[in-house]
Amino acid sequence: MGTLLDVVDLQTHFVTRGGVVRAVDGVSWDVAESETVALVGESGCGKSVSALSIMRLVAPPAGRIVGGRILFKGRDLLALDEEAMRRVRGREIAMIFQEPMTSLNPVLTIGRQMTEGLETHLGMAQTAARARAAELLAMVGIPDPVRRLPQYPHQFSGGMRQRMMIAMALACEPSLVLADEPTTALDVTIQAQILELMKSLSRRLGVAMLMITHNLGVVARYADRVNVMYAGKIIERGTAREIYANPRHPYTRGLLRSVPRLDEPRRARLDPIEGQPPDLSRLPGGCAFVPRCAFRVERCAVETPPLRAVGGAGHVSACWEAERLSAAPEAVGGRR
Amino acid sequence: MKGEVLLEVRNLVKHFEIGGGLFGGRRGLVRAVDGVSFSIGRGEALGLVGESGCGKTTTGRCILQLELPTSGEILFEGRDLTKLGPDEMRAVRRRLQVIFQDPYSSLNPRMTVGDMIAEPLGVHGLVRGAGARRDRVRDLLRKVGLLPQHAARYPHQLSGGQRQRVGIARALAMEPALIVCDEPVSALDVSIQAQIINLLEDLQADLGLTYLFIAHDLAVVRHISDRVAVMYLGKIVELADRKTLYDDPLHPYTRALLSAVPIPDPELEARREHLVLRGEVPSPLDPPAGCVFHPRCPIAEDRCRRVVPELREVKPGHWAACLLA
């Protein structure tokens, strides 16, 4: 399958009073057609800013994309003028946010918000757009869609609003959907509904998806490939199966070991990652994970480890000691 | 349940009236907590799980007397908190502490960590004299894994995990018997959650604390709780010891909850069937007749629409509110 999105050495910085924050610090990753790729990491690691950078929605003047290329179907989005970029947003790349209530307009009806994109992007007439909007709501499992169109977002439950966001995202049949924590604000039974819906729709419509999340369970169930981010950099990438069975970065390994799991006997004690997440305006030299790393050697504090191949199927890790991890006792894959 | 009973909640009801008032609107009664009973033994951790709006937080707030229950009894160390006067309640409140979800909004941004921990020590007359209070603050900081120099910091200078440690230190300062932990780790990053959970467990073992652990994360609740109660729409639908509840759930809602949690293992997830519930939680303004779960229940029968199932002891120590259990 061809490459749909190719992000090359992306750098997005924010100027703050505390200094320049390199929120995205030279990151490269790609998404193939119809593929679901996850961007995993904790708050402040740069995963959301990565998505906003692709949509060119990083707010100036504080935030700026200072380097790199974002090749979408071969075109560099960073080279497009604003008019051309507007045609990409919504039409070719759509976005689903965590909290639908904050991304919907509270004083416009559901119908109006849905038809707006259809009319501007696809040039549909009003009646045709309304019929299509009702079809889309039905597709995402909203009962009685025609009656729902004149209603306002506050009349929808959280799960229904997220269904509507998905319907809006898919309205113009984009080839890529960026989903930023799409189910984090939802309850677990509704999360299951929404994720199953997204999975079946993306398969049926052949849409590629970038799923941004901190939830390792969600990634395991829905992603083909995984990028793990830490302090503005990708520190490990591979197929979901590789990453979970054979993590080759101490941070990934630590994350997987720190969560209690329902499928395993209860452990007497959890294995946390010690220490605190780094302050991005005051990063140490070398690898940013050094202060929390159980595998660190002298070199780590001096030389920043590059991403390098550590296994088959494109498995890469930015750790000097990656090889030592597989031999370490109680590696995640060896626990069962 | 192990040991003597520290807290017993009997038939707790909390209804909120809405509508009317300045902006009018349809009047109604939100049945946030609708007849909840359980008890917690001294030194035990009871998990209270459920989705948003199920009444788990309101139950906690009623126990803390932050909400006045509509009816029911809350017996803490043998005394009914709902019948205590303000002075008596003040003395009891010290022994009944809370840890909130978001440590940032529950800490005073203009006070140093040290002052915030020292303040209640003075107010309750627990430690007299500035020097003694300073020592106690230092001791509490060490207990929660912070350093003495953290006493001079302000909340914004701390990370989320450190702020939650301060919240825990403040609760511990009162030498409580029971701590209501309301989603204490859900606002924290994954790598920090395990640190705080381990800390809560260590403190429980060292100080003999009793926890009511309110959370929506089923894996976290399993890890920390001795027994677990599952709430749905203001009612407890299942209650059992940890192992029984997770290995052998009786209520279809508990089964669906457990099935909905994705496991961090792609191989396993590829094989696993998820039991996806249809529909959403109905409004507590107008709960369904009969069993409140019947509109979403995959095994509901005709009688479930009419008969309200009582929470009954199906097997020794294993309670479920399901006609079919």
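Predicted model: local features only at pLDDT ≥ 70, side-chain atom pairs only at ≥ 80, totals over all residues.
Student: Which residues have the most contacts inside the largest nonpolar core?

Tutor: Start with the general idea. In soluble globular proteins, nonpolar side chains tend to be buried together. Here the largest nonpolar core has 192 residues. Those with the most contacts inside it are Ala167(A), Leu176(A), Leu210(A) and Val219(A), together with Leu212(B), Phe213(B) and Ile236(B). Helix H7 of chain A, residues 158-170, provides the largest share of this core, eight residues. Both domain 1 (3-223) and domain 2 (245-261 + 270-277 + 284-334) of chain A contribute residues, so the core lies between them.

Student: With which residues is Val219(A) in contact, leaving aside neighbours within four places in sequence?

Tutor: Val219(A) is in contact with Ala38(A), Val40(A), Thr213(A), Val226(A) and Ala240(A).

Student: Next, the sheet in chain A. In what order do the eight strands run?

Tutor: To read a sheet, follow the strand order, then the sense of each pairing. The order in chain A is S6-S7-S8-S3-S9-S10-S12-S11; the sheet is open and its pairing is mixed. Strand S6 (93-96) and strand S11 (308-309) are at the edges with a single partner strand each, so one side of each has no neighbour in the sheet.

Student: Which pairings are parallel, and which antiparallel?

Tutor: Take the S6 end of the order to begin with. S6(A) pairs with S7(A) in the parallel sense over four bridges, and Ile93(A) stands opposite Leu176(A) in S7(A). S7(A) also pairs in the parallel sense with strand S8 (residues 208-213) of chain A, over five bridges. In that pairing, Ala179(A) has Met211(A) in S8(A) as its bridge partner. Turning to the S11 end, S11(A) and strand S12 (residues 316-317) of chain A are antiparallel, with two bridges. Arg308(A) has Ser317(A) in S12(A) as its bridge partner.

Student: Are the residues of S7(A) buried or exposed?

Tutor: Check each face of a strand in turn. Five of the five residues of strand S7 (residues 176-180) of chain A are buried. One side carries Leu176(A), Leu178(A) and Asp180(A), the other Val177(A) and Ala179(A), and both faces are covered.

Student: How many helices and strands does chain B have?

Tutor: Chain B has 10 helices and 12 strands. Its radius of gyration is 21 Å, close to the 20 Å that the globule rule gives for 325 residues, so chain B is as compact as a globular protein of that length. Along the principal axes, its C-alpha atoms fill a box of roughly 70 × 55 × 45 Å. Buried residues are 47% of the 325 in chain B. Of the contacts in chain B with a separation of 6 or more, 64% join residues 24 or more positions apart.

Student: How many residues of chain B are in contact with chain A?

Tutor: The size of an interface is often given as the accessible area lost when the parts come together. Here it is described by residues in contact: 36 of chain B with 38 of chain A. Helices H5 (160-173), H6 (190-207), H7 (218-224), H9 (252-260) and H10 (266-271) of chain B each supply at least two residues to the side that touches chain A. H6(B) gives the most, with six residues. By class, that side of chain B has 19 nonpolar, 10 polar and seven charged residues.

Technical notes: Residues numbered from 1 in each chain as written. Chains lettered and ligands numbered in written order. Contact = placed C-beta atoms within 7 Å. Nonpolar A, V, L, I, M, F, W, Y, C, P; charged D, E, K, R; others polar. Core = buried A, V, L, I, M, F, W, Y, C linked by C-beta atoms within 7 Å. Buried ≥ 20, exposed ≤ 12 C-beta atoms within 10 Å, placed from the backbone. Domains from an automatic or database assignment. Rg over C-alpha atoms; globule rule 2.2 N^0.38 Å. Pairing = 2+ DSSP bridges.
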